[in-house]
Amino acid sequence: MQAPALPEAVRALAEADFGGVAQRFIDAGFAVDLPARGILTVKSPQAAPRASVVLSVGVHGDETGPIEMVAWVLDVLSQAPQSLAVDLMVCVGNVDAIAAGKRFIDADLNRMFRPVRGDLAGMAEAARADAMTAATEAFFAGAGPVRWHLDLHTAIRPSVYPTFAIVPDLIADEGKAALVKWLGQAAIGAIIMNPSSAGTYSYYSAEHHGAAASTVELGRVGTLGQNDLSQFDDVKAALEGLLRGEAIGPAKQEPHVFKVAQQIIKLSDDFRMTFDRSTQNFTALGQGQVIATDGDTVYTVKHPEELVVFPNPDVRAGLRAGLMVVRV
Ligand SMILES: O=C(O)CCC(=O)N[C@@H](CCC(=O)O)C(=O)O
Ligand SMILES: [Zn+2]
């Protein structure tokens, strides 16, 4: 049976085609640029400083729900272009992986936003990370102090909290407070404060551009055009409010707050995790329980309770195979 045709706005964004949207902002007098494939910037011609917002989707090619959501948000916004109250950069991350319906082509793009890439350096995604980094740097150069980056993803596994955010812990207090408030307005179920980079895009924006940045997980991977976006109505509304310059509203629900207790790094191909593939994100483990073994290295739970997030033994050696978090 043939798959149903994708709505035009979704097809266009998934294929990094900004044609109609860009033209509507140009017609309304905005400064529009396409600094690299899949990247659109829309800035006000006025000199008065506005907030600068980066919205990224599809950094992993099979994480399609956020592509659909942002396609609709952009479509509606571009029909009333004057309602855009921020300078905006939209980035469709791994365009080739989206077309292939895969997480990545050669290697995980969301581990390449760091200067030392080791054996990831020669991969297809390294050039893409360079292009995204250059565009992000140019976008934030000369921007005012209010800087945001929301990198929208979906999780591989089911999760106790179907929506959750990973927030770099180095964000300055004011930006962090605004971001956490926005995550509450968006009804995000949990926030993980993360003190160290795994080479992710959001951590890069926080660390190098002072952005209030976060990876935001919205449900699970799915087929483009077949995601149930109604689960994320609050996120969509909060996103629209942010782009229209509205004050951040009250929390729809207060997110549970966690912090990273330990990163589980896969050291070699001998790495074995003690969970099966049905383990949900935020499953609790007790002190002393073995998380994983890797040759002579044994990862165990150090606190009375730690919860496992993103367990994935299939990553390349040298990369993060999971996070252990504790309640704050
Ligand atoms: O479900 C999974 O195992 C992965 C989902 C995902 O892509 N998560 C991001 C989180 C990035 C961060 O830590 O800020 C990733 O692993 O790249
Ligand atoms: Zn992802």
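Residues are numbered from 1 along each chain as its sequence is written, and chains are lettered from A and ligands numbered from 1 in the order in which they are written. Because the model is predicted, local features need pLDDT of at least 70 and side-chain atom pairs count only at pLDDT 80 or more, whereas totals for chains, interfaces and linings use all residues.

An open sheet contains 12 strands in the order S1-S2-S4-S3-S5-S8-S6-S7-S9-S15-S14-S11. Its pairing is mixed. Strand S1 (31-36) and strand S11 (283-286) are the edge strands, and each pairs on one side only. Neighbouring strands are turned against each other by 25 degrees on average, direction ignored. Strands (E, at least two residues) and helices (H or I, at least four) are DSSP runs, numbered from the N terminus. Two strands pair if DSSP finds at least two bridges between them. Axes are lines fitted to C-alpha atoms, for helices over the stretch in contact, and angles run from 0 to 180 degrees between N-to-C directions.

Strand S6 (residues 163-168) runs antiparallel to S8, joined by 4 bridges. Ala165 stands opposite Val216 in S8. Helix H6 (residues 173-185) lies across S6, strand S7 (190-194) and S8, and runs at about 20 degrees to S8.

Glu217 lies in strand S8 (residues 212-220). An unreviewed UniProt entry annotates Glu217 as "active site"; such annotations may be inferred rather than shown by experiment, and positions follow the numbering used here, with feature names shortened. Glu217 is buried, because 29 other C-beta atoms lie within 10 Å. The cut-offs are 20 or more such atoms within 10 Å for buried, 12 or fewer for exposed, and partly exposed in between, with C-beta atoms placed from the backbone. Glu217 touches His153, Thr154, Ala155, Thr163 and Phe164, residues up to four places away in sequence not being counted. Contact requires C-beta atoms, placed from the backbone, within 7 Å.

Ligand 1 is surrounded by 13 residues (C-beta atom, placed from the backbone, within 6 Å). The closest are Asn110, Ala155, Ile156, Ile166 and Thr215. The shell divides into 5 nonpolar, 7 polar and 1 charged. Here Ala, Val, Leu, Ile, Met, Phe, Trp, Tyr, Cys and Pro count as nonpolar, Asp, Glu, Lys and Arg as charged, and the others, Gly among them, as polar.

Most residues other than glycine have a negative phi. Ala16, in the loop between helix H1 (8-14) and helix H2 (19-27), has a positive phi of about 60 degrees. Ala16 is buried, with 21 other C-beta atoms within 10 Å. Phe310 also has a positive phi, near 60 degrees. Phe310 lies in the loop between strand S14 (305-309) and strand S15 (320-327). Phe310 is buried, with 20 other C-beta atoms within 10 Å.

Technical notes
Contact = placed C-beta atoms within 7 Å.
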